[in-house]
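Hello,

Here is the structure you will be working with. Please open it beside this message and follow along; the notes come after it.

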Amino acid sequence: MDLEEKSLDSPIRARLYVLPYSHPSMAARAMLVHKGIDHRVTELPAGAHPPILRVLGFPGGTVPAAKLDGRRVQGSREIARSLDELRAEPPLFPTDPSRRRAVEEAERWGEEELQPLPRRFFRWGLVRDRALRAWFERACGTPIPGFVAAVEGPVVRIFARKSHADDETVKHDLRALPGMLDRVDSLIAEGALGGEAPNAADFQIASSIRVFMEQESIRPLVDGRPATEVAIRLFPDLDGP
């Protein structure tokens, strides 16, 4: 899927606010492309994004955040439902009630339980690795990224605490991850994920898998699984650290 692809005749006005390397932001943008909705993407400066979003009128300080025909929506799950309301085709949720419940449950699990792991792993690494911080600042377009990486330790630690990115939690996540990946593969086998037409759960979960694939220590746990095929199909291009 080409994330630069846009529909020229779309009457829907859409603007998406994201952070670089944010997998929920990736999911929201891919859903806009899937719907064929013309949109503008604004990358916010990491760390300064919560107050900026509040100034823009959003109630929370998290991305993705979107203005869809003047309506402010935050969170990948909320954006998915708003997009289906604005444009029915192609649908992000099945019309059959039982299949919709399966997709919604997979989407909920993907956001609440799987999605925090790549974020915690990344923020845990940012606290400990100045080179990783410098890479992230370059990805954000920050001037003099090496200098910023050297002095931003206190800010990085604040965001790590918000994600519970401490040693014990990360160790727990690593022990739990193989079972979570097994569940993703089971969802694919059951048909809730990985179909010819992607649904909201596909975008939600595949974005997390795609980030895992760029985390060198995690990738061996992911390689060769059916989940990676879905992740590559929906998110072919991602430049990780």
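In helix H3, which covers residues 76-86, the buried residues are Ser76, Arg77, Ile79, Ala80, Ser82, Leu83 and Asp84. Please keep in mind that this is a predicted model.

The loop between H3 and H4 holds leucine 92. Is leucine 92 buried or exposed? Leucine 92 has a relative accessible area of 0%, so it counts as buried. Leaving aside neighbours within four places in sequence, its contacts include Ala80, Leu83 and Asp84, and also Met31, His34, Lys35, Val103, Asn199, Ala200 and Phe203. The C-alpha atom of leucine 92 is 13 Å from that of glycine 194, and the two residues are 102 apart along the chain.

**Salt bridges**

The count of salt bridges comes to 18. Three of them are described here.

Arginine 77 and glutamate 112 meet through their side chains, with 3.4 Å from N to O. Arginine 77 belongs to helix H3 and glutamate 112 to helix H4, so this pair ties together parts that are 35 residues apart in sequence. Arginine 77 is buried because its relative accessible area is 18%, which is under the 20% limit. Glutamate 112 has 46% relative accessibility and so counts as partly exposed. Both residues belong to a network of salt bridges that also links Glu105, Arg108, Glu111, Glu113 and Arg183.

In the second pair, arginine 128 forms a salt bridge with aspartate 167, and their closest N and O atoms are 2.8 Å apart. This pair links distant parts of the chain, with arginine 128 in helix H5 and aspartate 167 in helix H9 (residues 167-190), 39 residues apart. Arginine 128 is partly exposed at 42% relative accessibility, and aspartate 167 is partly exposed at 37%.

An α-helix has 3.6 residues a turn, so residues three or four places apart point the same way. Glutamate 214 and arginine 210 are both buried.

**Pocket and cavity**

What is the volume of the largest pocket? The volume of the largest pocket is about 820 Å³. The pocket is lined by 35 residues, and those closest to its centre are Leu19, His49, Arg119, Arg123 and Phe159. H1, helix H2 (49-55), H4, helix H5 (116-128), H6 and helix H8 (153-162) each give two or more residues to this lining. H5 gives the largest share, six residues.

There is one cavity of 30 Å³ or more, and the largest cavity has a volume of about 40 Å³. Its lining residues include Val184, Ile188, Leu193, Ala201 and Asp202. Ile205, Ala206, Ile209, Ala227 and Val230 are also part of that lining. At least two lining residues come from each of H9, H10 and helix H12 (226-234). The largest share, five residues, is from H10.

**Surface patch**

Ile144, Phe147 and Val151 make a nonpolar surface patch of about 320 Å². Isoleucine 144 sits in the loop between helix H6 (130-139) and helix H7 (145-151). With a relative accessible area of 57%, isoleucine 144 is exposed.

**Backbone details**

Which peptide bonds are cis? One joins valine 63 and proline 64, with omega about 5°, and another runs from glutamate 89 to proline 90, with omega near -10°. Proline 64 is in the loop between H2 and S3, while proline 90 is in the loop between H3 and H4.

Tyrosine 21 is not a glycine, yet has a positive phi of about 65°. This tyrosine 21 is in the loop between S1 and H1, and it is buried, with a relative accessible area of 13%. Histidine 164, also not a glycine, has a positive phi of about 55° and lies in the loop between H8 and H9.

Regards

How values were computed:
Residues are numbered from 1 along each chain as its sequence is written. This is a predicted model: local features need pLDDT of at least 70, side-chain atom pairs count only at pLDDT 80 or more; totals for chains, interfaces and linings use all residues. Side-chain values use heavy atoms; hydrogens and water are left out. Patches are made of residues with over 30% relative accessible area and no salt bridge: like charges are joined within 9 Å, nonpolar side chains (Val, Leu, Ile, Met, Phe, Trp, Tyr) within 5 Å. Accessible areas come from the Shrake-Rupley method with a 1.4 Å probe; for residues, only the protein chains shown count as cover. A salt bridge is a side-chain nitrogen of Lys or Arg within 4 Å of a carboxyl oxygen of Asp or Glu. Helices (H or I, at least four residues) and strands (E, at least two) are DSSP runs, numbered from the N terminus. Buried means under 20% relative accessible area, exposed over 50%, partly exposed in between (1.4 Å probe, protein chains only). On a 1 Å grid over the protein atoms alone, a cavity is a set of points where a 1.4 Å probe fits but cannot get out, and a pocket is an open set with protein on both sides within 12 Å along at least five of seven lines; lining residues have an atom within 4 Å of a point. Grid points are joined across faces, edges and corners, and a volume is the space filled by probe spheres set on the points. Contact means heavy atoms within 4.5 Å.
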